[in-house]
Amino acid sequence: MKVVISGGGMVGMTLGRLLRMRGFEPVIIERMPAGAYVPRGYMLGFQGYPPLEEIGVLDGVRKQGWDIAPRPDGSAVAVCVEVGKLLTALAEDLPIVHEHVVSDLVRDDSGRVVGVVATTNDGSSSTTYEADLVVACDGVGSRVRDMAGLEVKIEPLAEASLTWMSPEPGGVSFAMGYLSDGSHIGTLGWPQGSAGWRTCEKVGEEAALAPGLDAIKEMWIRLLPECEKGISGLTSMDQVRYSEPRLLSAPEWWKPGVVIIGDSAHFFGPETGVSSGLGLGDAHALAEAIRQNPDDPDAACRSYVTWRAPVIRPYEAMDPGRQRMVLAGGQQAKP
């Protein structure tokens, strides 16, 4: 099977490595230059352990981060690590077509997708790649998903989110609490920095950031003392961000010749902490479905859906952003 992967991020590279281990040679197309990424802390949940263990990078990545909720047997529920440590490990010796985007899908007379057109970021040249299966790993705003006509449901959360990232490692790998107004607050720490988040009412960026850096730091320390060491590293409001998160789900994950996985297919609220771990699990399941159906991409997609729907759909239904009884700023519990 000829496989083209649109998106050479965490999920796309994991899928590429798993397919190569199974005897396939996928083409991976990534818009970013080699080695480029947005620095951030990353919580690798246990859902992503099996594929990374099979690839052989889990132990090395774990050693470069901090365990979250370590258990007596030496395992951990999750690991907090600087995301570049994982991306670098996944990219090693993996062929990727960098600084290109999938600009079009090639279809046969029946409408089936049979290839892609990959164009350089500056639009100066294009290459056509044949494909029995195109895999969209290009994120929440997936162009491949939209070009394939796969519908998504996007739902704004009832709350906004205030976040920060600091170069100071902080004192804990993870801490989270719920507050009396229904909001929640948390922090992550890793060897090179730390981050924090909290839900708040949808008041807009200007109003949310108006108190200023000192007030925001004082508020965070008062409500979550575990973050004091990490948040002390904030020196500018540029390190603080207001956003209004949205949930994404897709009723159908494939059409003949195209399948969507990871954030292209499902994206959860910040409270859930499972989006990327589940995306890595998607890559594992799809790689195995392709191995078991090497000459039939439709059968591979059907198997993939059979395996992943019982995993993904409950998370979508029970996202805490939907299910908490009291939301940020609330006074009364929902019915």
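User: Which strand does S7 pair with, in what sense, and over how many bridges?

Analyst: Strands of a sheet pair through backbone hydrogen bonds, in parallel or antiparallel fashion. Here S7 pairs with strand S8 (residues 113-120) in the antiparallel sense, over 7 bridges. Pairing requires at least two DSSP bridges between two strands. Strands (E, at least two residues) and helices (H or I, at least four) are DSSP runs, numbered from the N terminus. Arginine 107 stands opposite valine 113 in S8.

This is a predicted model: local features need pLDDT of at least 70, side-chain atom pairs count only at pLDDT 80 or more, and totals for chains, interfaces and linings use all residues. Residues are numbered from 1 along each chain as its sequence is written, and side-chain values use heavy atoms, leaving out hydrogens and water.

User: What is the strand order in the open sheet?

Analyst: The order is S7-S8-S9, 3 strands with antiparallel pairing. S7 (100-107) and S9 (126-130) are at the edges with a single partner strand each, so one side of each has no neighbour in the sheet. The twist averages 25° from one strand to the next.

User: At what angle do helix H1 and helix H9 pack?

Analyst: Two packed helices are described by the angle between their axes and the distance between the axes. H1 (residues 10-21) and H9 (residues 275-292) pack at about 25°, with axes 9 Å apart. That makes H1 roughly parallel to H9 (angles under 35 degrees count as such). Axes are lines fitted to C-alpha atoms, for helices over the stretch in contact, and angles run from 0 to 180 degrees between N-to-C directions.

User: Which residues of H1 make the contact?

Analyst: Met10, Val11, Thr14, Leu15, Leu18 and Leu19. Contact means heavy atoms within 4.5 Å.

Definitions and conventions
Angles under 35 degrees count as roughly parallel, over 145 as roughly antiparallel, 65 to 115 as roughly perpendicular and the rest as oblique.
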